[in-house]
Amino acid sequence: MSYKITEEGNVSTVFLNGEIDMEIREKAEQVIMPLVEAKKEVHLNLKDVEYMDSSGISLLIEAHQKAGEVGTKVVLKEISKSVLKVIMMAKLEQILNLD
Amino acid sequence: MSLNKYKEFEVNSSSLKEIRSFSREILSQIPEAKNHDENIILAISEAAQNIVKHAYNGRDTSDLMRIEFVYENNILTVNLLDKGDPAIPANIKPRKLDDIKPGGLGTFFIGEIMDEITFKISKQDWVNHLTMTKKI
């Protein structure tokens, strides 16, 4: 997985790509969680994420919940078809912020 | 058509990508799997991840896990075998649908994707033996 972060005001957009599984989860967590903890509004661009398993979905849930605790939000943007399928399988499309 | 193939992988999270790649290669040989392949690959990868996480509790090991594919009469059977700690079947449960928390999702996905899942513990070569089947 590689990533890029852009900043605009209080919004940090993280562009993730590749496959997000158990091996990659920690790296993704180290990128996303500090932004959430810094109370940034975090936009995760998932256009180029080809595969995401339960480890990646768990990270999305954790980031979403942490954001709620600190008074900000995580928004999922341009979700790839394969990731959307997994989010829907987990029945999280009404829980997470999908744009 | 029928097919019977297996491969062994090191028990660690770095093997997951290789397992998906092997699974993709096998499923590409089964024309009937075309519309199900990515879901089945997710189920296999989740089951392999459970071996790393739970049967070995994330510890380093030189053990291998085996993944076997059997396809016959439109039934795909995937066996995952490992030599880790014997699983406690009562602990293998998916999260509840309304329980929005990380964890238990992998088992939930497996249950959603595959038709039947059985689990056996043996004292012979392999300890944990997970069998997942799907009619395709």
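Modeller: Two strands are taken to pair if DSSP finds at least two bridges between them, the strands themselves being DSSP runs (E, at least two residues), as helices are (H or I, at least four), with numbering from the N terminus. The model is a predicted one, in which local features need pLDDT of at least 70 and side-chain atom pairs count only at pLDDT 80 or more, while totals for chains, interfaces and linings use all residues. Residues are numbered from 1 along each chain as its sequence is written, and chains are lettered from A and ligands numbered from 1 in the order in which they are written.

In chain A, five strands make up an open sheet whose order is S1-S2-S3-S4-S5, with mixed pairing. Its edges are strand S1 (3–8) and strand S5 (97–98) of chain A, each of which pairs on one side only.

Strand S2 of chain A holds Leu16(A), which is buried because 24 C-beta neighbours fall inside 10 Å; the cut-offs, with C-beta atoms placed from the backbone, are 20 or more others within 10 Å for buried, 12 or fewer for exposed, and partly exposed in between. Beyond its neighbours within four places in sequence, Leu16(A) is in contact with Met1(A), Tyr3(A), Ala28(A), Leu44(A), Asn45(A), Leu46(A) and Val49(A), where contact requires C-beta atoms, placed from the backbone, within 7 Å. By contrast, Ala38(A), 22 residues from Leu16(A) along the chain, has its C-alpha atom 19 Å away.

Across strand S2 (11–20), strand S3 (41–52) and S4 of chain A lies helix H2 (residues 54–70), which runs at about 175 degrees to S3(A); axes here are lines fitted to C-alpha atoms, for helices over the stretch in contact, and angles between N-to-C directions run from 0 to 180 degrees. Helix H3 of chain A includes Lys81(A), a residue that is exposed because it has 8 C-beta neighbours inside 10 Å. Although Lys81(A) and Glu50(A) are 31 residues apart in sequence, their C-alpha atoms are 8.4 Å apart.

Within chain B, strand S5 (residues 128–135) pairs with strand S3 (residues 75–82) in the antiparallel sense over eight bridges, and Asp82(B) stands opposite Asn128(B). Strand S4 (residues 116–121) of chain B is likewise antiparallel to S5(B), over six bridges, with Thr133(B) as the bridge partner of Glu116(B), and a hairpin of six residues links S4(B) to S5(B). Helix H1 (residues 15–27) and helix H2 (residues 37–55) of chain B pack at about 145 degrees, their axes 9 Å apart.

Technical notes: Two residues are in contact if their C-beta atoms, placed from the backbone, lie within 7 Å.
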